[in-house]
Amino acid sequence: MTLKARFLALAWQLRVAVMVIFAEALATSVVAVFFVVALVTDAKLVGTLIALCVVIGGTAAFLFFVSRQLVYRKRWARSAAVFWQLIQIAIAWNSFTGEVLGYYFGVWLLVTAFVALYFLFNKRVVELTDEQIDRD
């Protein structure tokens, strides 16, 4: 069964959760690309930009992997997604200080985190991701 067929066979609640986490992964990838461009164009702060590229790129890869594994209904993927949403709420909480752009960033983080948490704790999603222990 292909990944697309597996995705379409999921309950709509789990599909929404997967799509929200995938959107978070895409947004994180855009930020990683922004830092890669800054690394290439700016000769200052090379060490800091390399570290930011690695951390944010790793986060994007983690989120893509978690969203993919949720399509396979892995038990641990839901826990990893909940963990990330809690981290995201902590990041959003601190983004409401400072410039106006921080407010938009914080609202985006909070809305996606609460939507994902709502669907990750939905009774149907818990049942789907708790059915079996997959040894793959």
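Axes here are lines fitted to C-alpha atoms over the stretch in contact, with angles from 0 to 180 degrees between N-to-C directions. The crossing of H3 and H4 is left-handed, meaning that the near helix is turned anticlockwise from the far one by less than a right angle. H3 contributes Thr 59, Phe 62, Leu 63, Phe 65, Val 66, Gln 69 and Leu 70 to the contact. H4 contributes Trp 76, Ala 77, Arg 78, Ala 80, Ala 81 and Trp 84. Contact means heavy atoms within 4.5 Å. By class, the contact of H3 with H4 has 10 nonpolar, two polar and one charged residues. Ala, Val, Leu, Ile, Met, Phe, Trp, Tyr, Cys and Pro count as nonpolar, Asp, Glu, Lys and Arg as charged, and the others, Gly among them, as polar.

The model is predicted: local features need pLDDT of at least 70, side-chain atom pairs count only at pLDDT 80 or more, and totals for chains, interfaces and linings use all residues. Residues are numbered from 1 along each chain as its sequence is written, and side-chain values use heavy atoms, with hydrogens and water left out.

The protein has six helices and zero strands. Helices (H or I, at least four residues) and strands (E, at least two) are DSSP runs, numbered from the N terminus. The C-alpha trace spans about 50 × 30 × 20 Å along its principal axes.

H4 also packs with H5, at an angle of about 150° and with axes 9 Å apart. H4 is therefore roughly antiparallel to H5. This crossing, too, is left-handed. Residues of H4 in the contact include Arg 78, Val 82 and Ile 89. Among those of H5 are Phe 105, Leu 109 and Leu 120. The contact of H4 with H5 has 14 nonpolar, four polar and one charged residues.

The largest pocket has a volume of about 410 Å³. A pocket is an open set of points on a 1 Å grid over the protein atoms alone, where a 1.4 Å probe fits, with protein on both sides within 12 Å along at least five of seven lines. The volume is the space filled by probe spheres set on the points, which are joined across faces, edges and corners. The pocket is lined by 14 residues, each with an atom within 4 Å of a point. Ala 27, Thr 28, Val 31, Phe 105 and Leu 109 lie nearest its centre. H2 gives the largest share of the lining, five residues. The lining divides into 10 nonpolar, three polar and one charged.

Note on methods: Angles under 35 degrees count as roughly parallel, over 145 as roughly antiparallel, 65 to 115 as roughly perpendicular and the rest as oblique.
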